[in-house]
Amino acid sequence: MKNIYLDNNATTAVAPEVIEAMAPYFKEHWGNPSSMHAFGGHVKRAIDEARQQVAELIHADPSEIIFTSCGTESDNTAIRGGVEAVEGHLNIITTRVEHPAVLGPCRYLGERGHRVYEINVDSSGQLDMVQLGAALRDGPALTSVMWANNETGVVFPIPEICEMVKAAGGVFHTDAVQAAGKFPIDVRQVPVDMLSLSGHKLHAPKGIGILYIRRGTRLQPFMLGGHQEDNRRAGTENVPYIVGLGCAAQLAQKHMAEEANAVSRLRDRLEAGLLSTCPDSRVNGDRVHRLPNTTNISFEYIEGESILMDMSEVGIAASSGSACTSGSLEPSHVLRAMGVPFTAVHGSVRFSLSRYTTIEEVDYTLKQLPPIVARLRAISPFVKKG
Ligand code: PLP
């Protein structure tokens, strides 16, 4: 049975180099970094090195990085902590296509009296910049806009958005969970105030993330208690995972250009192959400003779940933007915000590749999927027959 993994925006395989880097911090160096003795000193240095490695990936100063438990914690800290740190009222500006890790805290604050603007996207998934500009003129705001979308891979023009927010005098956070490691990010050139990143999207384990906090940014810590992370995030550090994330960041940075090239070629081969062999299929989202590893394809008139189940039978894993498979009862809020027709939202499948995807896996998928689509279409109640 094949075991082909095309769901890397959900999570990635932990790189063997990362496992190797982490192992000593389970076996030998298990001390508490806050301890004054030698057991603590060694692991403290390992954390410092990992902080340096992660900082290099986004060209930050290591002192501007705090380790968190995941991307969701980073997003919550930035949004809730950013709003709470400011005396007086802040509006909150975000987009309709954010991950729930951003929409959740924004809506929570909305229920507590903050005005929340969820900016629209067009049919290609790109942001309505006019609406964003109008919201920014409505008063002081914390703005949170993702760098790249997890479902479609669409990349937002963060340099331009950041400039607009800064010109309006606001605080700017970006969720770069899907972007980090896939294309260059330089916080010296794009002066975001805060940026979230998650380990398990770049071949480190689940359960580790970072929040970049530009020096001088006001932030109320989310986790209170100990003095870890320079009083910005209490809790004993997850040393092995921090070391793993440092290693993963270094690997991503070292191989970024060639990996993006190779992965996008495979993605394009998959996409072109499926579009040409499956009638009534379409790509969702901007195909130019897009992550190199992602394609979101709708196979009209059939259910994404059925496609996924049949793919799974032949050993291929991907994910769908329709109900249920994503653990939600609602069809994709991202595709709906883009105005994708109902029949296409339900038949959408996200394929997300990684450095470990091979041409043989892509070609196998190209062989298996068209007959699956044809078979499901033949029994679909939505297709007009004869
Ligand atoms: N933001 C985006 C864009 C994501 O894709 C995800 C995870 O899928 C998250 C945030 C949450 O990250 P984590 O799973 O580390 O909590």
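**Entry 1: Between the domains.** I looked for salt bridges between domain 1 and domain 2 and found a count of 0; a salt bridge here is a side-chain nitrogen of Lys or Arg within 4 Å of a carboxyl oxygen of Asp or Glu. I then looked up polar contacts, and 17 residue pairs in polar contact join the two domains, both residues being at pLDDT 80 or more. A polar contact is a pair of N or O atoms within 3.5 Å; within protein, one must be able to donate a hydrogen and the other to accept it, and residues adjacent in sequence count only if both atoms are side-chain atoms.

I note that this is a predicted model, in which local features need pLDDT of at least 70, side-chain atom pairs count only at pLDDT 80 or more, and totals for chains, interfaces and linings use all residues. Residues are numbered from 1 along each chain as its sequence is written, and side-chain values use heavy atoms, with hydrogens and water left out.

Entry 2: I recorded domain 1 as 4–12 + 255–377 and domain 2 as 16–251, bounds that come from an automatic or database domain assignment. Their centres, taken over C-alpha atoms, lie 27 Å apart. Domain 1 brings 27 residues to the contact and domain 2 brings 33, where contact means heavy atoms within 4.5 Å.

I found that the two domains bury about 2600 Å² between them, with 53% of it on carbon and sulfur atoms. Buried area is the accessible area (1.4 Å probe) that two parts lose on being put together, summed over both. On the domain 1 side, Thr 12, Met 256 and Leu 291 lose the most area to domain 2, together 23% of what that side buries.

**Entry 3: A sheet.** I traced an open sheet of 4 strands in the order S9-S10-S13-S12, with antiparallel pairing. Strands are DSSP runs (E, at least two residues), numbered from the N terminus, and two strands pair if DSSP finds at least two bridges between them. S9 (281–283) and S12 (319–320) are the edge strands, each pairing on one side only. S10 and S13 (residues 348–352) pair over 5 bridges, and Ile 297 has Val 349 in S13 as its bridge partner.

**Entry 4: A salt bridge from S13.** I counted 16 salt bridges by the rule above. In one of them, Arg 350 meets Asp 7, with the closest N and O atoms 3.1 Å apart. Arg 350 lies in strand S13 and Asp 7 in the loop between strand S1 (4–5) and helix H1 (16–22), 343 residues apart.
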